[in-house]
Structure formats: structure tokens, C-alpha cells
Amino acid sequence: MSLSDIEVTAFIGPAGTGKSHRATMISRQNGIDVIIDDGLVISRGRILAGRSAKSEVNRLRAIKRAIFEYPEHRDEVANYLAKNPPSKLMILATSSGMIDKITARLGLNHPVRTINITEVSTPEEIEAALRERKEKKQHVVPVAKAQIQHNFAGKLVSQIRGFFKGKSKDENSNTIVKPLFSFNGRVTIGADAILEMCRKLLELRNHVRKIRSIDIETDEDRLSVSVEIDLNLSGHSALSIARTLQRKIRMGLSYFTGMDIRQVNIRVNEIFL
């Protein structure tokens, strides 16, 4: 088998709705042995590769860890899967966009199916999970306590068992943890900082003669950017330059902010030959 033979299932839902708590049950019901959750490769309650995003000291680093932004982390997990490819794999994520980033970075197939948290949890259960996350700032990791102790830098709260009686201790365990970023404050990225990032990314390209305006809009954790500029063609077409600028802004903002970039619109005001 190779990475291209792995059947991928996506399990998505907003943060704090109980995905990790139900991951073992959902994987069992669908005949899946391996889970990717928050930067970890997990099987039967044991960590096989990776590092937990919940070990990071702030939210920005946690987001980057969860989507395998760090090359060493990404290569470790990709190499493990290449050497030990499971027939089926489930990825936990907050959105389909996050799934796309993870599969692209690890070289995995697009999901053959997507399961939403609303399909396996009642509105009351989701509301209770969100309340627990907000009030207690506790997170569930679908592995045994002994496994997470060596991988996690925050506070271990407790261990819970459930769903599959008769299975092994590790296989049937979840651990509740408090990440460092849940009680050491949070990272806030202001609109002015994002505007300055866009400006610096545009100024790196010699084709941009003048930046006339930069507008940003946020939708939860997604960002839309609209830019109006004057261009120096210098032997290139305006379309090819604009596409390059789109790609640079999308990649740069995604890397520096950890946000999903919904769209980047480039408007060319004037062209100089």
C-alpha cells in the first residue's frame, strides 16, 4: 500500500463540540483504525507519531501544529504514514478547508466521506460540550493518560473511559487536559497588523508600483482580502502578476496568522510598461 491507497474519512465540527470525545466510537463504527487529531496520529488509544497541538503555549502555534505547518512535524507524520499506511484513516478538523490543508500537506487523498458532529451528537450534547470548553477550558485527547503525559505540556485533569467495554485500557480511554494556551491568555491579531502584513507581502514584489488600497473582512476564523494596485509589467502579463500576488498573499497571511484565507481579490488600477 501507499499513501494514495489510503481511504480518508473527514470528521468535522466547530472547536469544542466533542469531536475528540467521540472519535474512537466513530472510527470503530466505520472500521477505521487510525485517527489524525490535532497533530497526532493515533490508533487504539496510542500515539504513533506527531506532536499534540494542545502542547503549544499559544493558540497561533496550536493552529499551525494542527494543520502541520511546521516542516519537521509534517515530515515525521507523512513518513510514518508512508511506511505504515493504514487502509482507512479518519481526520478530525473544524472545517472542510482545514481538511484540505491537512491532506495536501501530508500527501493524502481527498476524503471519500465527511461526517459532521451534528450527525452523531444531539444539539443538547453539543451545547453541553461547548459549555464545558468555555467554562472549564478542558480538552479531550483520545489516548490513554500514560501516552499523553510524554507528549503534552499543559495540565492533566483526568481520564475517562467509555463506549466500548471489554476493549483494552489504552484503546478505550480518553484523557482530559488543559492546554497552556487555555489559561495563559490568548493571541489577538488586530486588523492593522493584517493590513501591514499584506502591505509587506505586496512590497516584496517589484511589479507593484503603488498600493492604492487594502481592505480586509473577517468571517469567524476566515479572512477575505481585496487589494487595488498599480503594476509595472516588465515583460509579464497583468494576469500572471495578479495571480502570483494572490498566491503570495494567501500563503503569507495563512502562515503568519493561522487563519483560513477565504479569498484574495486583486484589482489593477493602472498598468505601466
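Predicted model: local features only at pLDDT ≥ 70, side-chain atom pairs only at ≥ 80, totals over all residues.
Okay, the overall picture. The chain has 273 residues, and 44% of them count as buried. If you take the contacts with a separation of 6 or more, 69% come from residues 24 or more positions apart. And for those of you who like surfaces: the accessible area is about 14,300 Å², with 47% of that belonging to carbon and sulfur atoms.

Let's go to the sheet with 6 strands. This one is open, with mixed pairing, and the order reads E4-E3-E2-E5-E1-E6. So which strands sit at the edges? Those are E4, residues 46-50, and E6, residues 113-116, and each of them pairs on one side only. From one strand to the next, the twist averages 25°. Zoom in on E3, residues 40-43, and you'll find that E3 pairs with E4 in the antiparallel sense over 4 bridges. There, Ile42 stands opposite Ile47 in E4.

Now the helices on this sheet. H3 lies across E2, E3 and E4, and runs at about 120° to E4. H1, residues 19-29, lies across E1, E2, E5 and E6, at about 165° to E5.

I want to stay on H1 for a moment. Is H1 largely enclosed or largely open? Well, 8 of its 11 residues are buried, so H1 is largely enclosed by the rest of the structure. Among the buried ones are Lys19, Arg22, Thr24 and Met25. Ser20 is another residue of H1, and with a relative accessible area of 11% Ser20 falls in the buried class, because the cut-off there is under 20%. The Ser20 side chain also makes a polar contact of 2.7 Å with the side chain of Asp37. Just after H1, look at Gly31, which takes a positive phi of about 65°.

On to the packing. The largest nonpolar core has 25 residues, and the ones with the most contacts inside it are Ile36, Val41, Leu81, Leu89, Ile91, Leu106 and Leu108. Which elements give two or more residues to this core? That would be strands E1, E2 and E5, plus helices H2, H3 and H4. H4 gives the most, with 4 residues. Take Leu89 as an example: leaving aside neighbours within four places in sequence, Leu89 is in contact with Ile6, Glu7, Val8, Thr9, Ile32, Val34, Ile35, Ile36 and Leu108. There's also a second, separate core, with 22 residues, including Ile194, Leu202, Ile229 and Ile241.

E10 and E11, residues 222-232, run antiparallel and are joined by 10 bridges. If you want a pair to click on, Leu231 in E11 is the bridge partner of Val208.

Technical notes. Residues numbered from 1 in each chain as written. Heavy atoms only, no water. Core = buried A, V, L, I, M, F, W, Y, C linked by side-chain atoms within 4.5 Å. Buried < 20%, exposed > 50% of the residue type's maximum accessible area, 1.4 Å probe, protein only. Contact = heavy atoms within 4.5 Å. Pairing = 2+ DSSP bridges. Axes fitted to C-alpha atoms, helices over the stretch in contact; angles between N-to-C directions. Areas by Shrake-Rupley, 256 points an atom, 1.4 Å probe, with all protein chains shown as cover. Polar contact = N/O pair within 3.5 Å; in protein donor to acceptor, adjacent residues only side chain to side chain.
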